[in-house]
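Please work through the following exercises with the sequence and the structure open beside you.

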Amino acid sequence: MPANQTVKKINSLKGEVSIPPDKSISHRSAMCAALTGGIVEVNNFSQGADCISTLNIVKALGCDVEFLGDKHIKIDASNAFKKDVYNLDCGNSGTSMRLFSGIVASRESETTLFGDESLSKRPMKRIITPLELMGAKIKHNQFKAPLLIKGAELFPIDYKSPIASAQVKSCILLAGLNTYGETKVTEPYLSRNHTEKMLKYLDADIETCGTVSKIRKSQLTPRNLSVCGDISSAAFFMVAAAIVPGSDVILKNVGLNPTRTGIVDILLKMGADIEILNQRLECNEEIGDIHIRYSSLKSVTIEGEIIPRLIDELPVIAVLATQAEGTTIVKDASDLRNKEADRIKCLVAELKKIGADIEEKPDGFIINGKTKLKGDAEVECYHDHRLAMSLYVAGLVCDKPVLIKEFDWVNISFPEFLSLMNVLSV
Ligand code: S3P
């Protein structure tokens with residue numbers, strides 16, 4: 001029976017914690033390791049259920065995976081991609097399904113990719129269309145999973161993606177990695193570019209310029225990888241510290257790739273007291289520590305180019321906006337409706353239950369602040385890890401306790417969430 005969780009008002013958050021491994025980069029590290037055909041050690045691999053789904057897929061594809069330590073794995077890919085038929089369980093993970101689709105489409109095997117109830121409802125047309133243009137043969141359930149991909153030699157394409165999605169871009173680039181000629185993807189705005197950075201780090205023939213990426217068939221070099229902390233996980237603590245009076249925290253080892261730092265830009269715009277310390281580069285990715293203290297906040301409008309840079313943080317940004325003076329507007333974010341849950345509809349419904357002044361819009365929401373949240377409610381997380389954690393952060397400033405049902409969906413990306421929250425809560 002999934003565990004419920006009660007959250008109560010706290011005095012403040014104080015101290016420092018290391019932020020657990022980035023989900024997007026962990027996925028890509030296991031996938032790229034499998035594609036090297038050699039032996040790769042990955043340091044600081046996420047223990048979230050989504051990344052474990054990817055690790056299990058890599059095993060199903062023939063890799064030998066060994067845990068050398070808690071989050072330190074060794075992937076031996078010398079026997080990968082040798083079978084004719086694969087059945088790949090992607091669990092709840094959209095990244096696994098969409099990126100592995102690109103990987104298997106260009107290899108001669110017959111692969112079924114399936115997932116849980118939530119993943120089976122998510123749109124796959126966005127990757128089916130470009131893969132079919134490359135010549136892939138895909139059977140699907142009205143453009144949803146399960147997907148049956150009959151892999152073959154593909155043709156390069158010049159694809160203009162209608163959406164700024166790193167999953168779509170990565171799917172095409174990973175297919176292009178095993179396709180003769182130049183495969184080119186252009187997106188309307190730049191989405192997270194971890195795939196491009198990791199492929200480059202492993203010597204792929206890939207070039208990027210603004211919103212355009214080009215790749216040619218290449219063999220990856222097996223090279224050890226290290227995963228930085230997840231800014232999307234850090235975001236819950238950034239927002240908590242920004243809204244709980246008296247807070248002062250340092251979040252260590254956080255990935256600061258500019259395609260992911262929209263949350264930092266928005267906090268600064270809202271007047272948050274935030275500074276970046278100890279900036280450095282690790283495996284081609286920017287990383288640093290974030291020092292954030294409570295301060296009074298003002299509203300902002302969030303739209304356009306910044307949306308892909310903070311897409312996963314929008315639910316917790318809505319919580320932040322309830323504690324900012326004025327009207328915060330979020331637009332151009334209709335793809336939030338296609339995440340693990342319809343994050344616009346579900347978030348608005350649940351935040352209203354605890355007293356937020358929030359209005360649903362087709363492509364976002366409008367929040368009036370600053371609101372004294374009353375709490376004193378039972379809320380749903382709709383099997384969505386980020387909704388669960390966003391509601392928890394809201395509960396920290398509610399007058400009365402909030403019960404979050406089925407809170408353990410948090411394990412999808414951030415099993416360490418409650419223990420880190422306990423370390424920081426005073
Ligand atoms: C991800 C890309 C984003 C993000 C998701 C992870 C990735 O999705 O929301 O949590 O790892 O590539 P889209 O590419 O669909 O925007």
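## Exercises on a predicted chain

Residues 24 or more positions apart account for 75% of the contacts in the chain with a separation of 6 or more. Please keep in mind throughout that the model is predicted.

**Exercise 1. Decide whether the radius of gyration of the chain agrees with that of a compact globule.**

Solution. Begin with the length: for 426 residues, a compact globule would have a radius of gyration near 22 Å. Next, take the value for the chain, which is 21 Å and therefore agrees with that expectation.

**Exercise 2. Classify the ring pair of Phe237 and Phe417, and find where its two members lie.**

Solution. The structure holds seven aromatic pairs, and this exercise takes up one of them. A pair of aromatic rings is described by the distance of the centres and the angle of the planes. For Phe237 and Phe417 the centres are 5.7 Å apart and the planes stand at 35 degrees, so the pair is tilted, because planes count as stacked under 30 degrees and as edge-to-face over 60. Now locate the partners: Phe237 belongs to helix 7 (residues 231-243) and Phe417 to helix 13 (residues 417-424), so the pair ties together parts that are 180 residues apart in sequence. Finally, consider accessibility, where buried means under 20%: Phe237 has 0% and counts as buried, and Phe417, at 1%, counts as buried too.

**Exercise 3. Describe the pair of Tyr392 and Phe407 by the two quantities used above, and name the cluster to which these residues belong.**

Solution. The centres of Tyr392 and Phe407 are 5.6 Å apart and the planes make an angle of 45 degrees, which is again a tilted pair. Tyr392 lies in helix 12 (residues 385-395), while Phe407 lies in the loop between strand 23 (400-404) and helix 13, so that the pair links distant parts of the chain, 15 residues apart. Both Tyr392 and Phe407 are buried.

**Exercise 4. State which residues of helix 4 are buried and which elements they pack against.**

Solution. In helix 4 (residues 125-133), the buried residues are Arg126, Ile127, Ile128, Pro130 and Leu131. These buried residues pack against helix 3 (94-105), strand 8 (137-141), strand 9 (144-150), strand 10 (158-160) and helix 5 (166-176). Just after helix 4, Gly135 takes a positive phi of about 105 degrees.

**Exercise 5. Determine whether Asp203 and Asn284 are buried, partly exposed or exposed, and give the phi of each.**

Solution. Asp203 sits in the loop between helix 6 (194-201) and strand 12 (205-209), and its phi is near 75 degrees, a positive value in a residue other than glycine. With a relative accessible area of 38%, Asp203 is partly exposed. Asn284 is placed in the loop between strand 16 (273-282) and strand 17 (285-293), and although it is not a glycine, its phi is positive, about 75 degrees. The relative accessible area of Asn284 is 28%, and therefore this residue is partly exposed.

Notes
Residues are numbered from 1 along each chain as its sequence is written. This is a predicted model: local features need pLDDT of at least 70, side-chain atom pairs count only at pLDDT 80 or more; totals for chains, interfaces and linings use all residues. Side-chain values use heavy atoms; hydrogens and water are left out. The radius of gyration is taken over C-alpha atoms; the globule rule is 2.2 Å times the number of residues to the power 0.38. Contact means heavy atoms within 4.5 Å. Rings of Phe, Tyr and Trp (its six-membered ring) pair if their centres lie within 6.5 Å; planes under 30 degrees apart count as stacked, over 60 as edge-to-face and the rest as tilted. Helices (H or I, at least four residues) and strands (E, at least two) are DSSP runs, numbered from the N terminus. Buried means under 20% relative accessible area, exposed over 50%, partly exposed in between (1.4 Å probe, protein chains only).
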